[in-house]
Structures are given as C-alpha cells and as structure tokens.
Amino acid sequence: MNAPTTGTTDLNLVQAVNQALRDELAHDPRVRVMGYDIGPIGGVFRATEGLYDSFGGERVIDTPLSENGLIGAAVGMAMRGERPVVEIQFLGFLYNAFGQFVCLMSNVRERSGAQFSVPITIRTPFGGGIKPLQFHSESTESYLIHTPGVRVVCPSTPAEAKGLLSASIRCDDPVVFLEHSRLYRAFREPVPDAPYVLPLDQARVVREGRDVTVLAWGAMVHTALKAIDEMAVDAELIDLRVLAPLDTRTILDSVRRTGRCVIVHEARRTLGLGAELSALVNEHVFDCLKAPVRRVTAYDVQFPENQTEDFYLPDIRRVRHGIESVLQYRF
C-alpha cells in the first residue's frame with residue numbers, strides 16, 4: 001500500500017506517530033500499546049496522547065518502569081498471537097532489557113523452527129540535540145543492527161514515520177522503531193489522512209545527483225541536505241530509513257554512478273553503521289571509486305554534557321568538509 005496522494009493534514013513527527021498508532025489500534029484488535037506513562041499522561045513526548053481515552057486501559061496499557069519485564073511480557077503476548085507495541089522512553093533505557101532483546105525476542109522464531117513469530121514493535125526516541133540528561137541522547141543503533149532477526153527502522157520525516165510505523169506494526173518480525181527526539185516537533189509537512197504502509201526494505205532517494213553519494217538517516221538527513229544545498233554540489237542524498245536489513249542495491253547503484261561516497265551519522269565513529277557501509281562499498285564497487293569513502297560522525301567518547309553537545313554532533317560545517325574532501329581527492 002503506497003501513501004495516498006489526496007487528503008492530507010500538516011503534522012509534525014510525534015503527531016504522525018500518534019496517528020499511526022491510532023490507525024493500527026483501530027485496524028487490528030490484536031494491537032496493544034504498552035509502556036511507562038503512556039496511558040492518561042500520553043507518554044514522555046505525548047506520542048500516545050488521547051489513545052487511552054479512545055481505546056481503554058486494556059489496549060493502551062500503563063506499565064511499571066521495568067524495561068526488562070516489559071520486553072519479556074511483550075514476547076509472551078506476541079507468541080500468543082498479539083501485536084504489542086512497546087514504548088521505551090529513551091534508547092539508553094533499552095540496555096536494561098538487553099538480555100530479553102538478544103536472547104529471546106530476536107531468536108524465538110529461529111529457535112522454534114518458525115513455529116512462533118514475534119511481531120513486536122519497540123518504539124524509542126534516540127539521538128542528540130535537545131540537551132536532556134544522561135542516557136537520553138544516545139545513538140547506539142549499532143547494538144541493535146548487530147543482532148540478527150530484528151529489523152531496525154528510522155524515519156526522518158512525519159510522512160515517513162506514519163507509513164513506516166504502520167508497516168512495522170503489521171510486520172511479523174520484531175522491529176525497533178527509532179524516533180529522533182530532535183525531529184519530534186522540528187517541522188510539519190502534509191501527511192496523508194488515510195492509513196498507509198511504506199516498504200521496510202527500501203532506502204529513499206531524497207535528492208538525485210551525479211558527483212557524490214551521501215548516506216544518512218534520522219536527523220542527519222536534514223543536516224546533510226542543508227550542507228548540500230549550501231555547497232550547490234550535484235550530490236545524491238540517500239535516507240537509509242531502514243538500517244536493518246540494508247537496501248544494498250540502492251546504495252551500491254548510487255555509488256557505482258557517482259564514484260564517491262560520504263556517510264553521515266551521529267553515532268560514535270568506531271564500529272558505527274558507517275564502518276559497515278564503508279566496507280560494503282569497498283567490497284562491491286571499489287573499482288568505481290574516485291576517492292576513498294569518507295565518514296562524518298560523532299566522536300569516540302561518551303555523549304557529552306549539555307554545554308558541549310553541539311561540538312559533539314556532526315554539523316553542516318563538518319558535512320561540507322567531508323563532501324569537499326572526496327570531491328577534491330585525486331589518486
């Protein structure tokens with residue numbers, strides 16, 4: 001089902017998430033939304049606002065603040081045929097449930113010989129830029145991507161968020177749905193009113209170009225786009241939007257045409273997804289490269305205090321430098 005082209009409302013990202021949850025609760029009685037303070041309060045970012053009043057406490061369930069227990073309960077519900085949607089308040093809190101995530105949720109299907117599927121969607125904010133407390137700004141998607149059997153989805157716009165979240169909830173695989181907290185209320189755009197789903201295995205070409213491929217996801221899509229617009233270069237910008245499994249065809253076809261690749265992410269540099277993407281490009285299209293692959297990333301330190309957060313995150317200046325370096329490179 002593609003996005004409808006008529007009947008839209010201007011929404012920000014958190015409103016689009018709310019609308020997708022409302023659509024799926026209405027669409028399928030097996031869907032339940034669970035999490036700490038997601039009932040009458042509406043969640044820490046108000047993504048579930050109004051759902052408790054519309055669907056009641058048996059479909060929109062307030063739970064204790066126990067991530068480990070929450071994921072374990074959701075796995076049991078999924079194995080019984082339900083479709084739980086779990087809100088973890090911040091990605092840094094998911095570590096408390098990592099045993100359930102790695103040892104149970106991700107491999108029940110394989111361990112049971114496909115007798116059980118685990119259609120769980122874990123929604124969680126991530127990323128920096130809003131200067132909250134410790135463990136509220138992390139971008140550790142690599143922990144998730146490194147776990148087989150789990151899809152990792154990361155929208156960068158409200159319209160993408162609605163379609164990808166509905167697709168995630170309808171998917172029979174466990175999905176971690178990463179919502180960048182800086183994008184929640186950053187801007188609005190027209191979002192189709194009717195329910196729709198977007199593919200969970202395709203990257204999105206944001207901007208076509210011939211001279212360099214820029215790969216990004218989440219809030220860094222917008223940082224990269226601003227850098228490209230400022231430079232007036234003929235760059236192709238690809239929003240990965242699904243981090244696992246990767247749409248390798250779109251990535252490699254683009255680099256094969258442009259001959260250059262810059263990867264932008266706000267995760268730490270070492271063993272970030274950029275390292276895997278760089279290896280992918282070098283293994284498959286090395287003979288097409290006109291310059292070494294360049295990564296523009298955060299630094300290999302803990303996420304800093306508020307005062308230095310802006311120096312830690314990749315900004316337009318650093319993205320411009322990365323793009324200029326590959327355009328000017330000569331073998």
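Predicted model: local features only at pLDDT ≥ 70, side-chain atom pairs only at ≥ 80, totals over all residues.
Figure 1. Among the contacts with a separation of 6 or more, 81% are accounted for by residues 24 or more positions apart.

**Figure 2. Secondary structure of the chain, with 12 helices and 14 strands.** The radius of gyration is 20 Å, close to the 20 Å given by the globule rule for 331 residues, so the chain is as compact as a globular protein of that length.

**Figure 3. The open sheet of 7 strands.** The strands follow the order β3-β2-β4-β5-β7-β6-β12, and their pairing is mixed. At the edges lie β3 (60–62) and β12 (242–244), each of which pairs on one side only. On average, and with direction ignored, neighbouring strands of this sheet are turned by 20 degrees against each other.

**Figure 4. The pairing of β2 with β4.** Strand β2, formed by residues 31–35, runs parallel to strand β4, formed by residues 83–87, and the two are joined over 5 bridges. One of the residues in this pairing is Gly35, whose bridge partner in β4 is Glu87.

**Figure 5. Helix α7 across strands of the sheet.** Helix α7, which spans residues 158–170, lies across β2, β4, β5 (121–126), β6 (151–153) and β7 (175–180), and the helix runs at about 160 degrees to β7.

Technical notes. Residues numbered from 1 in each chain as written. Heavy atoms only, no water. Pairing = 2+ DSSP bridges. Helix = DSSP H or I, 4+ residues; strand = E, 2+ residues; numbered from the N terminus. Axes fitted to C-alpha atoms, helices over the stretch in contact; angles between N-to-C directions. Contact = heavy atoms within 4.5 Å. Rg over C-alpha atoms; globule rule 2.2 N^0.38 Å.
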